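Here is a structure to read through its labels. Each question asks what stands behind a word.

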Amino acid sequence: MADQGFPDQHTTTVTSSNTTVQTNLRYDPLYIRTIPGMLKVAQIVLNLLGFICITVSYRAITSRGSWFNTVAMGGFWFTGILLALYLFHVIEKFYKIPWLKIEFVFCTIWTFFYLLAASLAAADGRYDEAFGAAAFFGFVAMVAYGYDAFLKFNGVRSGALAQGERVVTKSSSTVTSPAY
């Protein structure tokens, strides 16, 4: 008969994580066909189109035009560099860096920046059509960065890697105490 304080059996669950990455640098054009890759290309194009619209405007030297161009070029360069890092698997080589958190913070901030910049450009759109076009590209870029932030948030929550694979396995065993 077992003691009252001890159960006849107990279950032990063991969780293990296996991270699989290739640390060699290589060019992988297939990244552009993934959703994050397509989002980065779209963001780069939208940043550039908005920048061009403001730059060709006669009101480009206003504070609103300068702010829009600052947001557009900041997004263009940061996203462009990230795209290059993903294409050559540098992100996978340095998998210990929390890339998804960095991208999540950047995309969240740029969503807010584009909301502000596109709203200011839209307010000046009645004076200059180029500002109206830039506002359109800015709002579309805001949606693209917002969706990207949503994807990054889900990746951070699930513990995913930015590039490479992490396999989590769970095994459980039941141990029964011998009867005395």
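Q: What share of the protein's residues count as buried, and what makes a residue buried?
A: Of the 180 residues, 33% count as buried. Buried means under 20% relative accessible area, exposed means over 50%, and partly exposed lies in between, with a 1.4 Å probe and protein chains only. This is a predicted model, where local features need pLDDT of at least 70, side-chain atom pairs count only at pLDDT 80 or more, and totals for chains, interfaces and linings use all residues. Residues are numbered from 1 along each chain as its sequence is written, and side-chain values use heavy atoms, without hydrogens and water.

Q: What elements make up the protein, and what counts as one?
A: The protein has 5 helices and 2 strands. From the N terminus they run β-α-α-α-α-α-β. Helices (H or I, at least four residues) and strands (E, at least two) are DSSP runs, numbered from the N terminus.

Q: Why is α2 called roughly antiparallel to α4?
A: The axes of α2 (residues 63-87) and α4 (residues 99-123) cross at roughly 155° and come within 9 Å. Axes are lines fitted to C-alpha atoms, for helices over the stretch in contact, and angles run from 0 to 180 degrees between N-to-C directions. Angles under 35 degrees count as roughly parallel, over 145 as roughly antiparallel, 65 to 115 as roughly perpendicular and the rest as oblique. The angle therefore makes α2 roughly antiparallel to α4.

Q: Which residue classes form the contact of α2 with α4?
A: It has 20 nonpolar, 3 polar and 2 charged residues. Ala, Val, Leu, Ile, Met, Phe, Trp, Tyr, Cys and Pro count as nonpolar; Asp, Glu, Lys and Arg as charged; the others, Gly among them, as polar.

Q: What makes α1 roughly antiparallel to α5?
A: Helix α1 (residues 35-55) and helix α5 (residues 129-158) pack at about 155°, with axes 9 Å apart. That angle makes α1 roughly antiparallel to α5. Their contact has 18 nonpolar, 3 polar and 3 charged residues.

Q: Why is His-89 called buried?
A: His-89 has 6% relative accessibility, so it counts as buried. His-89 lies in the loop between α2 and α3.

Q: Why is Gln-22 called partly exposed?
A: Gln-22 has 41% relative accessibility, so it counts as partly exposed. Gln-22 sits in the loop between β1 (9-20) and α1.

Q: What makes Gly-125 partly exposed?
A: The relative accessible area of Gly-125 is 22%, so Gly-125 is partly exposed. Gly-125 is found in the loop between α4 and α5.

Q: Which residues are closest to the centre of the largest pocket, and what makes a residue part of a lining?
A: The largest pocket has a volume of about 230 Å³. Of its 16 lining residues, Tyr-95, Ile-97, Pro-98, Ala-160 and Leu-161 are closest to the centre. On a 1 Å grid over the protein atoms alone, a pocket is an open set of points where a 1.4 Å probe fits, with protein on both sides within 12 Å along at least five of seven lines; lining residues have an atom within 4 Å of a point. A volume is the space filled by probe spheres set on the points.

Q: Which helix gives the largest share of that lining?
A: Helix α4 does, with 3 residues. The lining divides into 10 nonpolar, 2 polar and 4 charged residues.
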